[in-house]
Amino acid sequence: MATDAPPPEAGVESRPAQPSTQAFVAEQQSAEFAELRRAHRSFAFPLTIAFITWYLLYVLLSNYAGGFMGTKLIGNINVAFVFGLAQFLTTFLIAWFYSRHATARLDPKAEAIKSRMEADA
């Protein structure tokens, strides 16, 4: 792919300065970073456990409760089919909830940390 931009000048650093390793370690130990981790984990871990439990319930019912899962609801649509579609629905709902959670609670904290780190570099 050709561009009209000239090549970078030799010896000129085109990337912004990076914080030192000590700055990263200090930030990792800060209360603000701990709060960011806590906000992420308090959302991600419970929802992950809930979804895995829901998925395993579906798998176990499919294997060991064939009569229940084969129960017809409407026409040829049975309980297993509805549960299978519900797996997709819950996946998309969790992704949507996480997107809203990240936008509201994680992104502002992460942006503040990033801005401070870039300013100190």
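Trainee: Is Arg38 buried, partly exposed or exposed?

Mentor: This is a predicted model, where local features need pLDDT of at least 70, side-chain atom pairs count only at pLDDT 80 or more, and totals for chains, interfaces and linings use all residues. Residues are numbered from 1 along each chain as its sequence is written, and side-chain values use heavy atoms, without hydrogens and water. Buried means under 20% relative accessible area, exposed over 50%, partly exposed in between (1.4 Å probe, protein chains only). Arg38 has a relative accessible area of 48%, so the class is partly exposed.

Trainee: Which residue meets the side chain of Arg38 in a salt bridge?

Mentor: A salt bridge needs a side-chain nitrogen of Lys or Arg within 4 Å of a carboxyl oxygen of Asp or Glu. For Arg38, the N to O distance is 2.4 Å. Helices (H or I, at least four residues) and strands (E, at least two) are DSSP runs, numbered from the N terminus. The partner is Glu35.

Trainee: Which residues does the network around Glu35 join?

Mentor: Arg105 also forms a salt bridge with Glu35, with the closest N and O atoms 3.8 Å apart. That pair links helix α4 to helix α2, 70 residues apart. Salt bridges with shared partners make one network of Glu35, Arg38, Arg105 and Lys109.

Trainee: How many residues apart in sequence are the parts that Glu32 and Arg116 tie together?

Mentor: Glu32 and Arg116 form a salt bridge, their closest N and O atoms 2.6 Å apart. Glu32 lies in helix α2 (residues 31-64) and Arg116 in helix α4 (residues 79-120), so the tied parts are 84 residues apart.

Trainee: Which element gives the most to the nonpolar patch?

Mentor: Patch residues have over 30% relative accessible area and no salt bridge; like charges are joined within 9 Å, nonpolar side chains (Val, Leu, Ile, Met, Phe, Trp, Tyr) within 5 Å. Here Leu73, Ile74, Ile77, Phe81, Val82, Leu85, Phe88 and Phe92 share about 830 Å² of accessible area, by the Shrake-Rupley method with a 1.4 Å probe and only the protein chains shown as cover for residues. β1 (72-74) and α4 each supply at least two residues. The top contributor, with five residues, is α4.

Trainee: What is the relative accessible area of Phe88?

Mentor: Phe88 sits in helix α4. Phe88 counts as exposed, at 56%.
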